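Morning, everyone. I'll take a few minutes on one model. Please have a look at the screen.

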Amino acid sequence: MTLLYEMQLFDELPMIWGSCIFVFDLFHSFTPPKYQNLPMILCLVLYSFIITAVYISIKNPIFHETAYAVLVFTLFFKSLDMLRRPNSSRALFFTALATYGTGFIIWNIDNFFCHNIREFRGTLTSPWRPLTQLHAWWHLLAGLGTYIHVLYSVQVRTSYLKWPGKVKTIMGIPYYHVSKKVETNGPVHKD
């Protein structure tokens, strides 16, 4: 709530642009390597430019939240569709969904009860106050949920391409490891 409007744009507009890239990636999870869908690219870039221009001119957060929600629901329903494919990691998908969803709930609690949370924060001793910064928890959980969803998307794509791999961790941080060098001439099978 302390951001200037111009600085808030640096928080919110990348959510639109990044989600459009994610939508493109998900819709191309089951396409041959180097396949390009120029109409979809143009539509997503146009969507991003239109949302950016309109949001800058009308300055209404509900407009941004609605535009972002359209992308999130598109990602959600496409991801559900991807779960029907063989070798799709349900655990990664539902972990991402639960993490992001928890962040979303916390963000809404912060939006609706901001005044009450501020008053409660004032009654706490200094070390406990940061834990009540629910908007920060939203960013943390939304970022983590998005990262886990990226791992899910990589797992689905590499499975389609018949590239063996699995989720591993380094110091507790998960990443997706492709087990061996693979040919990039295309998938082994036709879908």
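This is a predicted model: local features need pLDDT of at least 70, side-chain atom pairs count only at pLDDT 80 or more; totals for chains, interfaces and linings use all residues.

Start with helix 3, residues 61-82. It has 22 residues. From first C-alpha to last, helix 3 reaches 31 Å, close to the 32 Å expected at 1.5 Å a residue.

Which residues of helix 3 are buried? His64, Ala67, Tyr68, Leu71, Leu75, Lys78, Ser79 and Met82. They cover an arc of only 110 degrees around the axis, so they sit on the same side of helix 3. The general rule: an α-helix has 3.6 residues a turn, so residues three or four places apart point the same way.

What do these buried residues pack against? Helix 1 (5-27), helix 2, helix 4 (90-112) and helix 6.

Now the N-terminal end of helix 3. Asparagine 60 caps it. A side-chain oxygen of asparagine 60 lies 2.9 Å from the backbone nitrogen of isoleucine 62.

On to the backbone angles. Most residues other than glycine have a negative phi. Lysine 59 has a positive one, near 55 degrees. Where is lysine 59? In the loop between helix 2 (38-58) and helix 3.

Lysine 162 also is not a glycine, and its phi is positive, about 65 degrees. Its loop runs between helix 6 (134-160) and strand 1 (165-170). How accessible is lysine 162? Its relative accessibility is 47%, so it counts as partly exposed; the exposed class starts over 50%.

That's my tour. Over to you.

How values were computed: Residues are numbered from 1 along each chain as its sequence is written. Side-chain values use heavy atoms; hydrogens and water are left out. Helices (H or I, at least four residues) and strands (E, at least two) are DSSP runs, numbered from the N terminus. Buried means under 20% relative accessible area, exposed over 50%, partly exposed in between (1.4 Å probe, protein chains only). The expected span of a helix is 1.5 Å times one less than its number of residues. The arc is that of the directions from the helix axis to the C-beta atoms. Contact means heavy atoms within 4.5 Å. A polar contact is a pair of N or O atoms within 3.5 Å; within protein, one must be able to donate a hydrogen and the other to accept it, and residues adjacent in sequence count only if both atoms are side-chain atoms.
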